[in-house]
Amino acid sequence: MPLDSEVLAAALAGLVAGGLAGVLASGLYAVRLRRLANILSRAALRQRELVRLRRLAGRRPRRRYVAFEVLSLDGPPPGRGEFEEALRGVYLKAFGAESLALARPRIVYYEEGSGRGVVAVARDYRYHILAALGLLRMAGGRRVLVVPLRTSGTVKGALRAFRSPGAPGRGGV
């Protein structure tokens with residue numbers, strides 16, 4: 001049943017007036033009213049989503065970088081791939097697949113010999129990655145303990161955590 005232009009005009013007048021009072025006053029039947037309400041609510045939802053997407057389109061997603069050190073109890077620290085796979089597995093178990101997809105954790109720097117590294121994560125999930133690092137106990141078949149050292153807004157700031165306290169420059173640990 002197509003909507004008349006009068007019905008649509010009355011509905012829009014009601015919305016402009018601050019509610020659906022105009023639609024109710026127009027004498028619509030209940031079926032038409034429900035159908036119109038559905039159409040308008042879907043349109044409003046789409047409009048809100050478009051506004052949100054336009055606002056986000058101009059911005060890059062904000063990231064945080066967490067410097068950490070892996071202490072291996074069974075020999076040398078695990079390799080980069082083994083560690084990243086273990087971290088993703090722990091994160092998935094603790095917070096679920098949706099959170100893992102939104103957090104997008106990835107290793108951006110890793111020294112295989114010393115076990116030092118930096119993981120990048122979406123800003124809103126920085127506490128999740130800190131918890132996942134703390135929960136990680138096995139990586140690459142080795143027992144490990146991961147110690148988060150510093151959280152920063154840049155990779156350079158996170159790498160400062162690895163400097164010795166007496167090294168020149170700002171930000172020694």
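## Close-up views of a predicted model

View 1. Leu71, Leu145, Val147 and Leu149 together make a nonpolar surface patch of about 270 Å². The model shown here is predicted. Strand β5, residues 142–152, gives the patch its largest share, 3 residues. Leu149 sits in strand β5. Its relative accessible area is 35%, so Leu149 is partly exposed.

View 2. Leu73 belongs to the loop between β1 and α4 (80–95). Is Leu73 buried or exposed? Its relative accessibility is 55%, so Leu73 counts as exposed. Along the chain, Leu73 and Leu145 are 72 residues apart. In space, their C-alpha atoms are 7.8 Å apart. Leu145 is also one of the residues of the nonpolar patch in View 1.

**View 3. The whole chain gives the setting.** The protein holds 7 helices and 5 strands. In sequence order, the pattern runs α-α-α-β-α-α-β-β-α-β-β-α. The protein has 173 residues, and buried residues make up 29% of them. Its accessible surface comes to about 10,900 Å². Carbon and sulfur atoms account for 57% of that surface. How many of the contacts between residues at least 6 apart in sequence join residues at least 24 apart? The share is 66%.

**View 4. Arg63 is buried without a salt bridge.** Arg63 lies in strand β1, which spans residues 63–72. The residue is buried, yet Arg63 has no salt bridge. Which side chain of opposite charge is nearest to Arg63? That side chain is Glu84, 8.7 Å away. A polar atom of the Arg63 side chain does lie 3.1 Å from the backbone oxygen of Arg104. Leaving aside neighbours within four places in sequence, Arg63 is in contact with Ala103, Arg104, Arg106, Ala120, Val121, Ala122, Arg123 and Gly153.

**View 5. Arg104 has a positive phi.** Arg104 is found in the loop between α5 (97–103) and β2 (106–111). Its phi is positive, about 50°, although Arg104 is not a glycine. Most residues other than glycine have a negative phi. The relative accessible area of Arg104 is 37%, so the residue is partly exposed. The backbone oxygen of Arg104 is the atom that lies 3.1 Å from a polar atom of the Arg63 side chain.

View 6. In one of them, the side chains of Arg142 and Glu82 meet at 3.4 Å, N to O. Where in the chain do Arg142 and Glu82 lie? Arg142 is in strand β5, and Glu82 is in helix α4. The two residues are 60 residues apart, and the pair links distant parts of the chain. Glu82 has a relative accessible area of 37%, so this residue is partly exposed.

**View 7. Glu84 and Arg88 pair within helix α4.** The side chains of Glu84 and Arg88 form a salt bridge of 3.9 Å, N to O. Why are the two separated by about one helical turn? They are so separated because they stand 4 residues apart in helix α4. Arg88 is partly exposed, because its relative accessible area is 33%.

**View 8. Arg123 and Asp124 form a salt bridge.** The side chains of Asp124 and Arg123 meet at 3.7 Å, N to O. At 59% relative accessibility, Asp124 is exposed. Arg123 stands at 31% and counts as partly exposed. Arg123 is also among the contacts of Arg63.

**View 9. Glu111 makes a polar contact with Ser114.** Glu111 lies in strand β2. Its side chain and that of Ser114 are joined by a polar contact of 2.5 Å. The relative accessibility of Glu111 is 27%, so the residue counts as partly exposed. Glu111 and Gly79 are 32 residues apart along the chain, with their C-alpha atoms separated by 8.6 Å.

How values were computed
Residues are numbered from 1 along each chain as its sequence is written. This is a predicted model: local features need pLDDT of at least 70, side-chain atom pairs count only at pLDDT 80 or more; totals for chains, interfaces and linings use all residues. Side-chain values use heavy atoms; hydrogens and water are left out. Buried means under 20% relative accessible area, exposed over 50%, partly exposed in between (1.4 Å probe, protein chains only). Lys and Arg count as positive and Asp and Glu as negative; His and the chain ends are not counted. A salt bridge is a side-chain nitrogen of Lys or Arg within 4 Å of a carboxyl oxygen of Asp or Glu. A polar contact is a pair of N or O atoms within 3.5 Å; within protein, one must be able to donate a hydrogen and the other to accept it, and residues adjacent in sequence count only if both atoms are side-chain atoms. Contact means heavy atoms within 4.5 Å. Patches are made of residues with over 30% relative accessible area and no salt bridge: like charges are joined within 9 Å, nonpolar side chains (Val, Leu, Ile, Met, Phe, Trp, Tyr) within 5 Å. Accessible areas come from the Shrake-Rupley method with a 1.4 Å probe; for residues, only the protein chains shown count as cover.
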